[in-house]
Each structure stands twice: as C-alpha cells, then as structure tokens.
Amino acid sequence: MSAKLQRIASCDVYHAFIAKQVRAEPLALALALGNDDLKKKMAPLSFATIQRQGSVGMFFSTVATNMFNSGGDSSVFEAEGELHDDNDHNSGNSTSNPLQYQEFWVDSACYVCVLKDLVSMKKTIAEGRWAHAQVIQSGLSSDISLGNQLVIMYARCRGVDYARKVFDEMDERNVVSWTAMIAGYAKHGRSDEGLRLFYRMQQAGVKPSQFTFASVLPAFADLGHLQSCREVHGDIIRNGFELNVFVGSALIDVYAECGSLDDARCVFDKMPDRNVVSWTAMIAGYAQNGQIDEASRLFERMPERNVVSWNAMIAGYMRVGLVDKAMELFRKMPKRDLVSWNSMVAGFAENGLFDEALKLFEKMPKQDHFSWTAMITGYTKNGQIDEALKLFHKIPKRDVSSWNAMIAGYVQNGRVGEAVELFEKMPERDAISWNSMISGYAQNGYFDRALNIFGQMQPTGVKPDSVTYASILPACGNLAALEHGKQFHKDIIRSGFQSDIFVGNALVDMYAKCGSVWEAFKVFGKITKRNVISWTAMIAGYAMNGHGKEAIKLFQQMQQSSTKPNHITFVGVLSACCHAGLVYDGWQYFHCMIRDYHIMPDMEHYCCMVDLLGRAGLLDEAQDFINKMPLKPDASIWASLLGACTIHSNIDLGERAAECLFELQPENPAHYVLLSNLYAVAGRWNDKEKVRRMMKERTVKKTPGRSWIEVNNAVHSFIV
C-alpha cells in the first residue's frame with residue numbers, strides 16, 4: 001500500500017457502514033470508539049490493538065473483511081462514490097491488517113449513531129454511561145446534537161437524573177434539548193419536574209415545538225391539572241399546532257384523563273385529519289370514564305382499527321361489568337397481543353369470575369408480569385388472599401409490581417403484619433411499595449407507624465409523590481400532629497403537588513382534624529376544581545370543630561354548585577346540626593336527602609338523628625324514631641341514646657338502651673362505662689358498683705387509653 005492515506009473526511013461512508021454494522025453489535029462499536037487510541041477527534045485505529053479486545057476485535061475484523069476482502073474489494077466505498085487507489089489494494093501489502101494503515105474521523109455523528117442504537121437495543125444505563133465517558137474523552141461533549149442524544153439515551157434507559165446532569169451542563173440548548181428532558185420526566189412519572197422545566201423553557205424564550213407540547217401534555221393528566229392544561233391549549237392554538245394530529249391526540253388523552261370529556265370531544269371534532277391514535281384516544285376516554293355506549297358508537301364508526309382500539313373497548317366493557325360483551329369482542333379480534341389477553345384475565349378476575357380468569361390465564365400463548373399481577377390483584381380485591389399468595393409463589397420471575405400487588409392485597413384485607421413481612425423481604429422497592437405500607441398503616445389505625453415508615457423512605461432516594469402525601473396526611477390528622485402536617489404541606493408546595501385534588505382534600509381533612517379550621521378553609525379555597533370529597537371534608541371539618549352554622553352555609557353553597565352531595569356529605573351536615581342544636585334544620589336535611597337526592601338513609605344517618613334529638617332533650621322523640629326505623633338498630637344507635645340519657649339523667653330509658661347494648665356487644669367495655677356514668681350522674685352509687693361487679697364477672701376489662709403528643713416535631717405515644 002502506498003504512503004498515501006485514504007481518509008473518509010466527511011465520514012458519510014463510515015456512518016453508512018456503522019448504521020449497518022451497529023445493529024448486530026452496538027456495544028462492540030461503542031467499545032471500539034472508546035479505544036484508548038481514539039482519545040482525539042482524529043486518530044489512527046490499530047486493528048492489532050482492537051483485535052485483542054474479543055468481540056470488538058471480531059467486530060472490526062468484520063469491518064476489515066467487508067471493506068477490504070481477499071481481493072482488496074472496497075465496494076462499500078465505491079457505492080458512495082469515494083476515491084480510492086486500486087494499486088494500493090493490489091500491492092504486496094494487501095494481506096496485512098488493512099485498518100492499521102487507515103485513519104478515520106470519529107465525529108459527533110458517529111457517537112450519535114451509537115447512542116441511538118444503545119436506546120433501540122434497550123441496553124442498560126451502565127453501557128450508556130460507558131459510551132458517555134468516551135464522548136467526554138473525545139472532546140465532543142460540547143456538541144449540541146450529541147448532548148441532545150445523551151439526554152434522550154439516559155432518559156430512556158431509566159437514568160433521568162443523569163439526563164438532567166447532561167442537560168444542565170450543556171453550553172447551548174435548543175428546543176430538542178428541552179423537549180427531550182421534559183419527555184424524560186413525563187415518561188418516568190416525574191411530571192411535576194417536567195412541568196417546571198416546561199415553564200422555565202418558556203421563560204428562557206425558547207419556542208415550544210409540536211413535539212414539546214405532545215411531550216408535556218401527559219404531565220398535566222398525571223397531576224390532574226385541568227385548568228393548566230386549558231391554558232397550555234391556548235398556547236397550542238397561538239403557536240398554530242391545534243390541528244396537528246399528534247398534539248390533538250395528546251390533548252384528547254389529557255382531557256379524558258382529567259374527566260373533561262366535553263373538552264376532549266371538542267378537540268376530536270375539530271381535527272381535520274384523524275389517525276388511529278386520535279380515534280383510540282377518544283374511545284379510551286369514554287371507556288375509562290364509564291361512557292361505554294358512546295365509546296361503542298365511536299368504535300363502530302372508526303375507519304381503521306388497530307389492536308389498541310380493540311383493547312380499549314375490551315377494558316371498557318370489563319370496567320362496567322359487561323363481561324359477555326368483552327368476551328364477544330375478544331373473540332372477534334383479528335389480531336390479539338399480550339395486552340388483549342391481560343385485559344381479559346384482569347377483567348374476569350376483578351369481576352369475581354376466577355375460574356374463567358384462570359382458564360384464560362393458562363391458555364395464554366405467553367405470560368408476563370402484568371398477567372400474573374392481574375390475577376393476584378383480582379384475587380385480593382375479592383378477599384381471596386390465600387389464593388393470591390399461592391399464585392405469587394408460582395411466578396417464575398417476580399418483579400416489583402408483583403410484590404406491590406401482594407402487599408396491597410394484604411393491606412386491603414387488614415393483614416398488615418403479613419404485608420410488613422413481605423415488604424421487608426422485597427429485593428427492590430419503588431414509590432408504590434412505600435405508599436402501600438404508609439396507606440396500609442394509616443387505614444388500619446397504626447398512625448404513628450405510618451409516620452415512622454415515611455421517615456424510613458426518605459434516605460432511600462425514593463421521592464414521595466402525590467399518592468405518598470395523600471396517604472400520610474390522614475395519619476397526621478388522626479394523631480393531631482399539626483407540626484408534621486405543616487411540614488408536609490411545605491414539602492407539597494415545593495414538589496408542586498398543591499394543585500392535586502387528592503392532596504388538597506387530604507390537607508383540608510388534616511387541618512380540620514388538628515383543629516386548624518381556618519387553615520383548612522384556606523386550602524379549600526385554593527382548590528380550583530372541587531369534587532364531592534372536597535366539599536364533604538370541609539363541611540365535616542366545620543362540624544367536628546363546633547362550627548355548625550358555617551357547615552350549613554357551606555352546604556348551601558355546595559347545593560348551588562354543580563357538585564351533588566353524597567351520603568357521607570349528609571352525615572357531615574346532620575352532625576353539624578347535632579353539634580349546633582339545629583333540630584328543625586336537621587329534620588329538613590334528613591328529608592331533603594331522601595326527597596331531593598334519592599339517597600336512602602343508612603345506619604350513620606339514623607345515628608346522627610338519634611344523637612340530634614337526644615342532645616336536644618327530645619328523648620321520647622328519639623325513642624319513637626328508633627322504633628320506626630326500617631333497619632334494625634345497631635350498637636351505635638343505642639350508644640347514642642344512652643349517652644343522651646346520661647346528659648339528661650333519664651335512668652329508665654338509659655337502662656333499656658344499656659340492655660340492648662349488652663345484648664349486641666357484651667364484651668365492649670365502653671357500654672358499661674356509659675351506664676356507670678349514668679348512675680354516677682344520678683348519684684346512684686350502689687348501681688354504679690353493680691356495673692363494676694358485672695364487668696368483673698363477665699371478664700370485661702376497660703381498654704387502656706392511648707394518646708399521642710407532638711413535641712419538637714416528633715410524635716410520642718403513651719398509654720393511660
């Protein structure tokens with residue numbers, strides 16, 4: 001070969017060759033580009049050196065063979081019109097290692113090609129970091145296109161924090177940089193950070209593209225920010241992207257996720273060109289929100305269907321319990337994927353049809369972790385926790401979602417101890433794992449343990465999400481741990497979750513239970529789209545803190561709004577009337593509940609009315625009310641009457657109420673204490689002593705009282 005060196009100056013041919021070879025061995029190429037000899041932008045690549053690197057040597061041996069085969073053929077270059085010297089290839093040196101004499105420009109486009117294929121081949125973050133190290137060594141890390149590809153690579157390889165580090169260190173950013181980082185946050189459930197970056201992008205004067213809008217919109221759905229979504233919708237219109245099919249489909253999806261189907265349908269109807277994604281988004285929106293008939297009509301009109309469209313309808317039918325319709329559609333499907341099978345299995349299980357679920361599960365051509373998790377969740381939701389555990393042990397390879405499903409099942413069925421055991425055995429935990437334990441403790445009355453496990457979560461690096469805060473706040477409320485609650489409120493604001501409806505409702509409830517009614521009302525006032533829980537929490541908050549008239553006024557405002565009260569709302573209203581002594585109003589709202597809202601009273605409503613009449617001294621009316629109840633009075637009814645008798649010293653009626661209580665719950669010490677208090681108020685000390693002897697004979701022991709106190713931002717419990 002002559003002294004003249006053949007160079008691929010523009011790298012076009014080299015890139016074309018890489019594009020073919022990298023699909024077979026992307027990591028090998030990454031390693032080859034990272035050879036110690038390639039620390040500069042242009043450097044000779046020694047074939048002898050890379051041949052000693054195993055797969056890399058094999059890879060470049062293939063390169064050498066393809067470029068200069070036994071006949072010295074370099075057709076790969078000729079195809080691209082590159083200049084070459086035939087005499088060089090026919091010289092006596094033709095059998096030597098050809099790459100030893102070749103020089104290559106390794107520019108940013110080469111690395112971009114490598115990074116793209118690392119993503120497409122779903123390589124690990126460790127391999128991505130290795131390639132990143134070579135980029136830094138090459139001196140090309142300031143290249144904007146390479147920086148963008150690094151952000152994309154890390155974001156898709158579950159390295160969002162690494163992606164952000166690259167993003168922050170970029171000397172120059174364009175709309176692609178911002179969009180890639182926003183999409184990374186949205187993809188990995190860090191929607192609040194994605195939104196903050198989107199607003200920062202706008203402040204920096206970078207104009208969003210249609211891809212930016214399509215990437216950020218799912219974050220609004222994830223956080224339930226309907227009003228903010230509408231504001232961004234205005235930006236989309238101003239930027240001329242309203243008619244873009246991708247942006248339009250994303251808008252339909254976010255509006256449907258937020259429950260605003262009218263907005264979603266308005267976008268859908270205005271779209272001049274709809275693709276299968278647009279149709280599917282609208283159908284899925286109707287199906288997810290229970291409007292299965294409208295979803296079905298749209299599905300029939302659909303010009304072209306794909307497997308996702310069919311799956312959306314199947315899931316929709318299962319959600320509303322139309323199992324036969326779902327099965328009919330499943331049989332008609334021209335092509336099924338794993339999601340189709342999983343939807344059917346999950347639907348059968350959640351509707352209590354376990355035999356059908358198991359049969360279909362066993363027929364599945366392939367099972368993944370979603371299939372197993374669907375079966376476990378179905379069993380646990382229907383109380384068959386032992387069957388779920390058997391299935392859990394059969395899973396060939398458990399992932400974090402299967403562990404989470406089993407833990408959630410234990411928690412939902414009140415078996416917290418077993419949930420803790422499983423949680424401690426988990427090889428890997430995510431936010432859902434911690435949330436399950438926090439909510440499990442809180443829902444089962446272990447409020448101090450809920451706070452403790454939240455504290456254990458902090459050092460692990462798992463960030464609390466909106467569900468975490470919505471789960472921990474009830475524990476603060478029940479412990480009256482106001483300082484803890486305030487600290488969580490600050491964290492919520494910093495994290496951007498203050499507009500989340502579930503977090504807002506939990507804050508209202510927490511402040512009300514801690515006695516800070518004004519703080520509760522301030523949070524309530526900031527909830528832009530209130531639901532029935534928001535109104536009910538504030539009404540109940542007023543009621544439990546003795547502000548009955550304010551509760552009634554708020555209920556009247558609720559009646560004027562578009563939100564309809566539910567049976568729990570009326571429990572709060574009747575309780576407010578009870579504490580404020582508003583007997584007439586209580587009767588009015590009791591009848592209003594039945595007449596205007598068609599809500600039939602349950603035991604809680606009857607108990608509130610007995611309490612209302614009893615506290616007002618209307619004991620005969622209370623007894624008459626109990627006698628006319630369509631339901632058989634339970635212990636709560638008789639306990640309310642006995643309590644009222646104690647207030648008004650009605651011994652005869654109190655004794656009759658106590659007899660009914662002892663018949664229903666002879667082991668409950670609280671009932672004996674109530675009767676004892678009645679005798680004490682009346683000065684009948686001998687009868688009081690008889691109650692004590694009765695408790696001793698029946699081996700009924702008074703339950704020790706347990707209290708919590710918050711000192712220096714720490715909750716301490718003690719037993720009296």
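Analyst: A residue is buried under 20% relative accessible area, exposed over 50%, and partly exposed in between (1.4 Å probe, protein chains only). The model is predicted, so local features need pLDDT of at least 70 and side-chain atom pairs count only at pLDDT 80 or more, whereas totals for chains, interfaces and linings use all residues. Residues are numbered from 1 along each chain as its sequence is written, and side-chain values use heavy atoms, with hydrogens and water left out.

User: Is Glu294 buried, partly exposed or exposed?

Analyst: Glu294 forms a salt bridge with Arg297, at 2.8 Å from N to O; the term requires a side-chain nitrogen of Lys or Arg within 4 Å of a carboxyl oxygen of Asp or Glu. Both residues belong to helix 18 (residues 292-301), three residues apart, about one turn of the helix. Helices here are DSSP runs (H or I, at least four residues), numbered from the N terminus. Because its relative accessibility is 21%, Glu294 counts as partly exposed.

User: How many salt bridges does the structure hold?

Analyst: Side chains of opposite charge can pair when their charged atoms come close. One of the pairs joins Arg415 and Glu418, with the closest N and O atoms 2.7 Å apart. Asp161, Arg190, Glu193 and Lys463 are linked in a network of such bridges. The total number of salt bridges in the structure is 25.

User: Are Arg415 and Glu418 buried, partly exposed or exposed?

Analyst: The relative accessible area of Arg415 is 24%. For Glu418 the relative accessibility is 29%. Both Arg415 and Glu418 therefore count as partly exposed.

User: Which helix holds both Asp687 and Lys690?

Analyst: The side chains of Asp687 and Lys690 meet in a salt bridge, at 3.8 Å from N to O. Asp687 is buried, with 17% relative accessibility, while Lys690 is partly exposed, with a relative accessible area of 46%. The two residues are three residues apart, about one turn of the helix, and the element that holds both is helix 42 (residues 685-697).

User: With which side chain does Asp235 make a polar contact?

Analyst: Asp235 is found in helix 14 and counts as buried because its relative accessibility is 17%. A polar contact is a pair of N or O atoms within 3.5 Å; within protein, one must be able to donate a hydrogen and the other to accept it, and residues adjacent in sequence count only if both atoms are side-chain atoms. At 2.4 Å, the partner side chain of Asp235 is that of Arg238.

User: How many Å separate the C-alpha atoms of Gly248 and Phe213?

Analyst: Gly248 has its place in helix 15 (residues 245-257). Gly248 is buried, with a relative accessible area of 0%. Gly248 and Phe213 are 35 residues apart along the chain, and their C-alpha atoms are separated by 9.8 Å.

User: Which cysteine sulfur is the nearest to Cys607?

Analyst: Cys607 is buried, with a relative accessible area of 16%. Cys607 is in no disulfide, and the nearest cysteine sulfur, 6.1 Å away, is that of Cys608.

User: Which helix gives the most to the lining of the largest pocket?

Analyst: A pocket is an open set of points on a 1 Å grid over the protein atoms alone where a 1.4 Å probe fits, with protein on both sides within 12 Å along at least five of seven lines; lining residues have an atom within 4 Å of a point. The largest pocket is lined by 47 residues, and His188, Gly189, Asp430, Ala431 and Ile432 lie nearest its centre. Elements that give two or more residues to this lining include helix 10 (160-169), helix 12 (191-203) and helix 27 (431-443). With eight residues, the element that gives the most is helix 25.

User: What volume does the largest pocket have?

Analyst: The lining of the largest pocket has 15 nonpolar, 16 polar and 16 charged residues. Ala, Val, Leu, Ile, Met, Phe, Trp, Tyr, Cys and Pro count as nonpolar, Asp, Glu, Lys and Arg as charged, and the others, Gly among them, as polar. A volume is the space filled by probe spheres set on grid points, which are joined across faces, edges and corners. For the largest pocket, the volume is about 1700 Å³.

Methods
Disulfide = S-S within 2.5 Å.
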